[in-house]
Amino acid sequence: MGQDYQQLVDRLAEKTTGELQDGVEVVIKPVPDRTESGVLDPRVLEVMMQQEQDSSPAGPFSLEAARAGMGWVNTDLTTTDITTEDIMIPSAEQPIPARIYRPRSTELLSAVVYFHGGGFFGGTLDPVEHPCRLLAERGNVVVISIDYRLAPEHPFPAGLNDCFTAVTWVYEQAEELGISRTQLAVAGDSAGGNLATVCALLDREQQTEMIQYQVLLYPVVNLAALPTDDFKWRLDAYEMNENRELLEGIVTALADTDGLLNRLYLQGTTDVQDPHVSPLFSDKLAGLPEALIITAEYDYLRLEGEAYGRKLAQAGVKTKRIQYNGMDHAFIEKLGQYPQAENCITEIANGLQNRFAVMKSDTNTIGG
């Protein structure tokens, strides 16, 4: 990582505030070393060209191959000592493996319960290890990453139950964990973003009021991408001014045209429009915790993420959305390679600090 990389990170850091669109504060981060719009980031282009050379023709879906192909080797960018501890969270069904990342601190810290992505059927703690470590450092927060059960061996709602059990456990064990019970956030990427916001929904439905902030990185919020009053997926919503064929391929890569996720994850247990599966269909968003939504310009899930942001804002939920132009899905896993991944962690850290600083000042005012 040379000077060029650092310059790109610095350039991305220049844009932190955005304009209000449909009640959502929207920040668009440009490709840091391109002036044109509608173009792929040069680093994504490089990865895509490499993958095209290495790829073999696609055969029928194989669960093992899909799982093996997930994740990306990334870089630990922390510069201070972040401790890592593997634990088992007790659960009525079976213990839930988790990993705790903790900065050296003597004060009571805020906490983030993190859920990895992987389409509800894949993913592990390892690809998000370095992003979680960096978030712990830059946000000065304790991050607890959850290894929830996966479909199809464990269909819905097993993984969701694990996630909500983990949130409840962290909340109840706050003192032992050295964290502030009143400063608890959930975060997740892709399928993990779905699990994070559905945990926030469950939290409000059950009136437990544990979660105070939600961070959703390119979340799945509409499992079958069904049209709603405010959402219809369409290719012409994506600006493509060069490499059109490649961009179309990237954008449609996650289109689930034959309902694979539905079959693997739901297995007939529930309707695909159930808000605990597709939170975009929820009519109970009022009172949800403040939200930060991260989207990538060339991601199939971008449009549903935008729609969810608008719907949260309509329900009175304070919502900010940061879009990284030129990026594709799952870019957070390219930490150390894509400057946007590092900037994204910094933005999440800032969002957490701002949210909990406001809460601290409110508490001081009430108590004062």
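This is a predicted model: local features need pLDDT of at least 70, side-chain atom pairs count only at pLDDT 80 or more; totals for chains, interfaces and linings use all residues.

Visitor: Why is the pair Asp41 and Arg43 called a salt bridge?

Guide: The N to O distance between their side chains is 2.9 Å. The cut-off is within 4 Å, so the pair counts.

Visitor: And is Asp41 buried or exposed, and how do you know?

Guide: Asp41 has 0% relative accessibility, and buried means under 20%, so Asp41 is buried. Arg43 comes out at 14%, so Arg43 is buried by that rule too.

Visitor: What makes Glu93 and Arg149 a salt bridge?

Guide: Their closest N and O atoms are 2.9 Å apart, and the limit is 4 Å, so they qualify. This pair links distant parts of the chain: Glu93 is in the loop between β3 and β4, Arg149 in the loop between β6 and α5, 56 residues apart.

Visitor: Which residues are linked with Arg99 in a network of salt bridges?

Guide: Asp86, Asp126 and Glu129. Take Arg99 and Glu129: their closest N and O atoms are 2.6 Å apart, within 4 Å, so that link counts. Arg99 sits in strand β4 and Glu129 in helix α4, 30 residues apart.

Visitor: Which residues have the most contacts inside the largest nonpolar core?

Guide: Phe115 and Ile146, in a core of 118 residues. Beyond its close neighbours in sequence, Ile146 is in contact with residues including Ile89, Val113 and Leu125.

Technical notes: Residues are numbered from 1 along each chain as its sequence is written. Side-chain values use heavy atoms; hydrogens and water are left out. A nonpolar core is a set of buried Ala, Val, Leu, Ile, Met, Phe, Trp, Tyr and Cys residues joined through side-chain atoms within 4.5 Å. Buried means under 20% relative accessible area, exposed over 50%, partly exposed in between (1.4 Å probe, protein chains only). Contact means heavy atoms within 4.5 Å. Helices (H or I, at least four residues) and strands (E, at least two) are DSSP runs, numbered from the N terminus. Lists of a residue's contacts leave out its neighbours within four places in sequence.
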